[in-house]
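I am opening a notebook on a structure that is new to me. The entries below follow the order in which I looked things up.

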Amino acid sequence: MQRVFSGIQPSGVPTLGNYLGAIRNWVPMQDTHDCLYCVVDLHAITQFQKPEDLLRQTREMAAALLACGLDPEKCVLFVQSHVPAHAELAWLFNCVARIGWLNRMTQFKDKAGKNAENASTGLYVYPNLMAADILLYKATSVPVGDDQRQHLELANDIAQKFNHDYKVELFPRIEPFIGGVAARVMSLRDGTKKMSKSDASDQSRINLNDPDDEIRNKIKRAKTDPDPLPESPAGLEGRPEARNLVGILAAVTGRSPEAVLAEHAGQGFGAFKPVLADALIAHLAPIRAEMERLLRDTAALDAALRRGAEKAEVLALPTLAEAKAAMGFLARR
């Protein structure tokens, strides 16, 4: 099977955008690929985290992934810091990657902004750790969004330079995973911006643990326009909020936007929003309930993550040993 690696930061309970845009598509991949999924807590600390928040959010993210359908019997689910080989290989890659390569990374510039001098060095070399995450398992496919494609190219540059410099064929080329169509979910307050946990307004997003009444209220308040729904997606041109809500209903009901519009054409949002809210509640309620169940027994959740880390280490440690041997490190016997 083709090996797939994907990581997600423990930045709080996932949003509907995280779920429809990524997590939901990971579930069927467990049956067709050799999958490793990782809660990347080392990446999270490139920006300051309160210790109690990092601990809580790591468990919340793991519980959310399991509740959404990841099965530890079909995939390897673990926490990044539980496998120290990630950090060790990242240091080796720090010494392979070139400053010029990192200077071209636009995400550092976006995140650091005008305060680059005060940004952590971890944020600067973060792409090297991402390369280590993937190459440690010799993964050949990674589901990535557009914002991570540049980092994937860097990972391939690092792999190629390592193989060339040390005359080995250790690290494979990584390709972006092209799977099912991922829904692009936008803010409920501004249809031109992605739904994000970093938005100051909680009204801009649906969180996977939102109660039913909260989901209903957020959809009721979601920004729309005064026009009725059109008969086809072409009629949504220039109507980002309308396109977003139609796309959400299509995604959670497993239909196409065309089918949704065929049913609701001519309706105003006063009639459409309650249908959308009901569909969201029906889809998300079982996920929320399972998250809550998992988080009531953190000992069992932690144990499942430890088992995942043990499985990951079986794959990771030989790769790290090969890399160190290629570089000339004296092996510890």
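**Notebook: strands, cores and charges**

I started with K273, which touches I219, K220, R221, A222, T224 and L245, leaving out residues up to four places away in sequence; contact here means heavy atoms within 4.5 Å. I note that this is a predicted model, where local features need pLDDT of at least 70, side-chain atom pairs count only at pLDDT 80 or more, and totals for chains, interfaces and linings use all residues. Residues are numbered from 1 along each chain as its sequence is written, and side-chain values use heavy atoms, without hydrogens and water.

I placed K273 in helix α12 (residues 269-296). Helices (H or I, at least four residues) and strands (E, at least two) are DSSP runs, numbered from the N terminus. K273 is buried and has no salt bridge. Its nearest side chain of opposite charge is D225, 9.8 Å away. Buried means under 20% relative accessible area, exposed over 50%, and partly exposed in between (1.4 Å probe, protein chains only). A salt bridge is a side-chain nitrogen of Lys or Arg within 4 Å of a carboxyl oxygen of Asp or Glu. For charge, Lys and Arg count as positive and Asp and Glu as negative, while His and the chain ends are not counted.

I looked next at strand β1 (residues 3-8) and strand β2 (residues 34-39), which run parallel and are joined by 6 bridges. Two strands pair if DSSP finds at least two bridges between them. I8 stands opposite V39 in β2. With helix α1 (residues 16-29), β1 and β2 make a right-handed β-α-β unit. Right-handed means that, with the strands pointing away from the viewer, the path from the first strand over the helix to the second runs clockwise.

I then checked S6, which lies in β1. Is S6 buried or exposed? S6 counts as buried, at 5% relative accessibility. Apart from neighbours within four places in sequence, S6 is in contact with W26, L36, Y37, C38 and P143.

**Cores**

I found that the largest nonpolar core has 58 residues, of which L16, Y19, L65, F272, L280 and L284 touch the most other members. Helix α12 gives the most to this core, with 11 residues. A second, separate core of 45 residues includes C38, F78, L102 and L320. A nonpolar core is a set of buried Ala, Val, Leu, Ile, Met, Phe, Trp, Tyr and Cys residues joined through side-chain atoms within 4.5 Å.

**Salt bridges**

I read off 19 salt bridges in the structure. E322 forms one with K138, the closest N and O atoms being 3.1 Å apart. E322 lies in helix α13 (residues 298-327) and K138 in the loop between α7 and β4, so the pair ties together parts that are 184 residues apart in sequence. E322 is partly exposed at 39%, and K138 is partly exposed at 29%. K138 also has a positive phi, near 50°, in a residue other than glycine.

I checked E290 and R293 as well, whose side chains meet in a salt bridge (2.8 Å, N to O). Both lie in helix α12, 3 residues apart, about one turn of the helix. Another salt bridge joins R173 and E175 (3.2 Å, N to O). Last, I noted a network of salt bridges linking D202, R205, D210 and K218.
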